[in-house]
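Dear colleague,

Please find the structure below.

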Amino acid sequence: MNNTTKNYLIERGIKPSLQRIAIMDFLLKNRTHPTADDIYQALCDIIPTLSKTTVYNTLKLFTQQGAALSLEIDEKNVRFDGDTSVHAHFRCKCCGAIIDLPVDQVNMVDPKFLEGFVITEINAFYKGLCDKCNHEASLIQNKSIN
Ligand SMILES: [Zn+2]
Ligand SMILES: [Zn+2]
């Protein structure tokens with residue numbers, strides 16, 4: 001198993017069981033912001049002893065320990081992200097893709113309004129159509145006009 005992932009977990013105070021390493025490894029390698037179910041489906045063949053409850057509990061632990069982010073960008077499912085650096089997310093309402101967007105400034109809110117506050121999390125969610133879906137939508141629109 002992957003030693004880098006093992007150390008990543010140890011550094012965040014998480015006891016690195018084989019199942020935890022496999023789940024973290026999956027999150028670090030798949031930057032698609034999977035749901036708990038996606039992760040279970042992807043790993044249950046490789047780890048037959050894995051249960052959905054273990055996946056849910058592990059993701060909860062990862063989030064608490066700062067090893068992963070949980071995103072509430074999708075109305076139906078919580079999504080998980082192995083990239084815990086500050087970045088914004090875009091969700092396409094057409095194909096459902098969740099895309100990482102780098103941010104050029106960490107302070108999206110003027111810091112003077114945050115005096116006395118403790119910020120534990122910054123989430124920026126953008127929603128709309130991705131360029132691919134937007135392109136397809138405009139093709140359909142042009143067709144119906146003609
Ligand atoms: Zn799309
Ligand atoms: Zn992300």
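**Helix packing and the zinc site**

Ala-22, Ile-23, Phe-26 and Leu-27 in α2 meet Ile-39, Ala-42 and Leu-43 in α3, where contact means heavy atoms within 4.5 Å. By class, this contact of α2 with α3 holds seven nonpolar, no polar and no charged residues; Ala, Val, Leu, Ile, Met, Phe, Trp, Tyr, Cys and Pro count as nonpolar, Asp, Glu, Lys and Arg as charged, and the others, Gly among them, as polar.

The model is predicted: local features need pLDDT of at least 70, side-chain atom pairs count only at pLDDT 80 or more, and totals for chains, interfaces and linings use all residues. Residues are numbered from 1 along each chain as its sequence is written, chains are lettered from A and ligands numbered from 1 in the order in which they are written, and side-chain values use heavy atoms, with hydrogens and water left out.

Helix α2 (residues 18-29) packs against α3 at an angle of about 110°, with the axes 11 Å apart. Axes are lines fitted to C-alpha atoms, for helices over the stretch in contact, and angles run from 0 to 180 degrees between N-to-C directions. Helices are DSSP runs (H or I, at least four residues), numbered from the N terminus. Helix α2 is therefore roughly perpendicular to α3 (65 to 115 degrees; under 35 is roughly parallel, over 145 roughly antiparallel, and the rest oblique).

The axes of α3 (residues 36-43) and α4 (residues 52-64) come within 9 Å and cross at roughly 125°, which means that α3 is oblique to α4. Ala-36, Asp-37, Ile-39 and Tyr-40 of α3 make this contact with Lys-52, Val-55, Tyr-56 and Leu-59 of α4. The residues of the contact divide into six nonpolar, no polar and two charged.

In the loop between α2 and α3 lies His-33, whose phi is near 60°, a positive value in a residue other than glycine. The zinc ion (ligand 2) is coordinated at 1.9 to 2.2 Å by His-33 (NE2), Asp-81 (OD), His-87 (NE2), His-89 (NE2) and Asp-100 (OD). Donors are N, O and S atoms within 2.8 Å of the metal (3.2 Å for Na, K and Ca); water is not among the atoms, so sites may look incomplete. Along the chain, the donors follow the spacing H-x47-D-x5-H-x1-H-x10-D.

His-33 is buried, at a relative accessible area of 1% (buried is under 20%, exposed over 50%, partly exposed in between, with a 1.4 Å probe and protein chains only). Asp-81 is likewise buried, at 2%, and His-87 counts as buried at 10%.

With kind regards

Definitions and conventions. Helix = DSSP H or I, 4+ residues; strand = E, 2+ residues; numbered from the N terminus.
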